[in-house]
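Look at the structure first, then read the points below.

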Amino acid sequence: MLELLWLIPALPFAGFLILALFGSRLSRQSAAVIGVGSVGLSAILTLGIAIRFISSPPADHAFSQMLWQWISVDAFQPAITLYLDALSLVFIFVITFVGFFIHLYSSLFMYEEEGYSRFFAYMNLFVGSMLTLVLGNNLLLLYLGWEGVGLCSYLLIGFWYKDSENGYAARKAFVVTRVGDTAMAIGLFLLFTSFGTLDIQKLLQQAPQEWTINSTQAVLAAALLLGGAVGKSAQLPLQTWLPDAMAGPTPVSALIHAATMVTAGVYLIARTHVLFTLAPAVQTAVAVVGALTLLMAGFTALTQRDIKRVLAYSTISQIGYMFLGLGVGAWSAAVFHFMTHAFFKALLFLGAGVIIFVLHHEHDMFKMGGLRKKLPVTFWTFLIGSASLAALPLITAGFYSKDMILWYTFAGEQGNDWLWAAGLAGAFITSIYTFRMVFVTFYGEAQAEITHKPGMQLKVPLIVLAVFSLIAGFIELPHTLGHLTLFSHFMHSALPPTEVLHESVSLELLLQVIAAIAVLLGIYIAYHIFIRNRSIANNLTASGPGALLHRFWYSGWGFDKVYDTLFVNPLVWFAKINRNDFIDLIYTGIAGTSREFHRQLTRTQTGRLRWYATGIVIGAIITITVVVYL
Amino acid sequence: MISIPMEFGLILAGTLFVLGLIGLMVRRNIIFVLMSIEIMINAAGAAFIFAGAKWGEPDGQIMFLFILAMSAAEVAVGLGLILQIYHKFQTLDGDTVSKMRG
C-alpha cells in the first residue's frame, strides 16, 4: 500500500495535464469529473496509506520512496524522493481531504464562470504542487513545490484577469512572497555549502554534530528559512499580500489562502525544527513574530467590512498562533492547530462563499444581515466554524488546539508570560471579531434578497467540514479533560515533545478557565455591540481617537502605505524617468553610429567609372607609400 | 650593340603608365578610357622587357607574352561592353552611365 505513495501527487498532476491540454474540448461535466475526481482518488489513497501507516508503522516511523535521480552534478545529487512520516502524513491528509471538498464545492460554485476547466486545471496543479512540497525528501524538491504553489496562487488570484485590479492583487502576492522566497533560496545555498547535501533527513542529522548552538551559520540558516516562511505564511512584515489575495474566487481563498498554502511556512519550520533548536534566538523571533502578527491581524479584522477580508486577517492571525507554537517549541501543538484551522477556516470561507454566491457577489457584511432563516444550513455550519475559530470551550476543535499552544506558551521550557498574554489577548479579540462577523451577517434586518438556493455540492462540504471542526479536537485532550494524546503521541515520531517546566493540572485548569472566560466575554461584547445596541459601534468609530484608530486598523496598520512610499513609488518613479532605458542608449548609440557611417559610405558609390578609378589610384598610392616608407 | 641603361627604360615605362593613368581618370569617352588601360598594360609589359634584358633572363619576355594574351582578352571584353553601352545609352560618355549609384 505504501508503495502507492507516488500516486498521491501524481493523480492531481495527471488531472492538471488532461485539463490543460484538452480542457477547451471537454464539457463542463467531464472537466468537473476529472478535476474533482483526481483529488478525490488522492484523498482515498491517502486514507488507505494513513490506515496502513498507523496500523503497522514502517521502520523508524518513516517511509521514503525514491522515484528517480533528478540532477546529478558532482556532489549535488538531489533525487525525486518522497518521504512520508507523521508530519507529512497530517499535511497530505488535510491537503487531499479539504482539497477534495473544496473541489467538490467549486464544481457548482464556479459552474457559471468562464474558464471552468482552466480553474480546475490550476486547482489540480496547486494540489499536486502542495503535495510535492510536503512529501519532498530534499529541500530542492520542497522548493519546487514551494514555487509551484506560489505560481498557482498567482494564477488563481488573477483568475478573473479581465479586471485589472485582480491582476494587480495577483502580482502583489507574487512579488511580496518572492521577497521571502529569495531569503529561503539563499538559506538553501548556505545549507548546501555547509553540508554538501539538501536531503532533509541528512541535514537534520548532521546539523547538530557540526554546528554548535548559537553558531553564526545556524542562526543565519534558520533566519533565512524563517524569511521564506514569513513570506509564504503572510506573517509580519510580509503579510500585506494576503488580504488582497481575496480577489480570487472564494474556493481558492479557502484552499490556498487559508487551509493549505499559507501554512507551508509552518510546515517548513516544523520540518527543519532541528535548525531552529540550534538557533534559539531565531526560534524566539518566530514566537515574537507570531505573537505580534496575531495581535496586529486581530485588531485589523475587528474593523473590516468585507467578509472575506475579515477571514483573511483572521487567517493571518491564526497562523500567528501556529508560529507562536513553533517558536516556543510546541511543534505538535502548532501542527495540531494547523489541522483544526484548515477545517474550520475552509468551512468559514466556503460558508462566506455561499453567502456571496446567493447575494450576487456582495462582499460587504453590513449589506447582508438577517440570513439566519433563509440559509439555515449555511448559518449553522458557519456558526460551528466561527465557534471553532473563536475557540469556544469544550465542544470545538479550535479550543483544544489553541489551548495546547497557549499552555505550552505559558508552561513550556521556552515559554514566556508575555507571549502567553499576547496569545490570550489574541483569543479575546478573535472571539469579538468572529462573532461580530456572525451577528452582522446572519442577524438583524435583512439588507438584501437572496436569489437562489445553494445546491447539494455547496452544502455537503460545509456539513462535512463542520463535523470535522467539532470532532477533530477530540484526538488530543489536555490533562484536565481526560488527557488523551493520540495526536501528539503520533507526531512524536517526527517532532520532539515539548518540555514543560511546571507540570501542574491545577495551573492548567486555571489557564483554561481564564482563556474560556476571555472567549465568552468576547462573544458577549460582540453580542452587546452588534445585536443589542448597534449604535455603540457607530459612536466608537464616529469621532476622536476612536475614528483615528479605526482608520488605522482598517488600513491594516498602514503597512501598504509604508511599503508604497518606501519601495513601490520610488521604483515606479525610477521606471518612469528611465522609460527610455539609459543602458539601452549605449546599444542604440552603436547602431546609430554605424548607420551614419553606412550613409556616408554610400555617398561614395556614385556609379561613375572615373571616380572609382581615381579611388583605386589614391588607395594604391597610400598603400605603396605605407609599404615603402613605414 | 649599344645597351640602353635600365633606368631610361624604366623611366619610359613609368611615364607611359602615368600618362595612361591620367588618361583613365580624366577622359570621359570610354573608348579613350579603354585605350588608356591598354597604354598602362603595355607600360607594365615594357618594364618587364627592360628588366629581363638587364639580367639576361627570358622571364621578362615570357611575362610579356602573358600580358599580351591578357590584354587581348581585356580588349575583347572591353569592346564588347562598349558596344553594349552604346547600343543601350546611345552615348560613349562614361559619366552619364552611372546607373549603379549606391
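Predicted model: local features only at pLDDT ≥ 70, side-chain atom pairs only at ≥ 80, totals over all residues.

Is the crossing of α5(A) and α8(A) left-handed or right-handed? The crossing of these two helices is left-handed.

**Helix packing**

- Helix α5 of chain A covers residues 139-157, and helix α8 of chain A covers residues 216-232.
- The two helices pack at an angle of about 25°, and their axes are 12 Å apart.
- Because angles under 35 degrees count as roughly parallel, α5(A) is roughly parallel to α8(A).
- On the α5(A) side, the contact involves Trp146(A), Val149(A) and Gly150(A).
- These residues meet Gly228(A), Ala229(A) and Lys232(A) in α8(A).
- By type, the residues of this contact are three nonpolar, two polar and one charged.

**Aromatic pairs**

- Over all chains, the count of aromatic pairs is 33.
- One of them is the pair of Phe552(A) and Trp557(A), with 5.5 Å from centre to centre and 45° between the planes.
- This pair is tilted.
- Phe552(A) has a relative accessibility of 37%, so Phe552(A) counts as partly exposed.
- Trp557(A) has a relative accessibility of 28%, so Trp557(A) also counts as partly exposed.

Notes:
Residues numbered from 1 in each chain as written. Chains lettered and ligands numbered in written order. Heavy atoms only, no water. Axes fitted to C-alpha atoms, helices over the stretch in contact; angles between N-to-C directions. Helix = DSSP H or I, 4+ residues; strand = E, 2+ residues; numbered from the N terminus. Parallel < 35°, antiparallel > 145°, perpendicular 65-115°, else oblique. Left-handed = near helix turned anticlockwise from the far one by under 90°. Contact = heavy atoms within 4.5 Å. Nonpolar A, V, L, I, M, F, W, Y, C, P; charged D, E, K, R; others polar. Phe/Tyr/Trp six-rings, centres within 6.5 Å; stacked < 30°, edge-to-face > 60°. Buried < 20%, exposed > 50% of the residue type's maximum accessible area, 1.4 Å probe, protein only.
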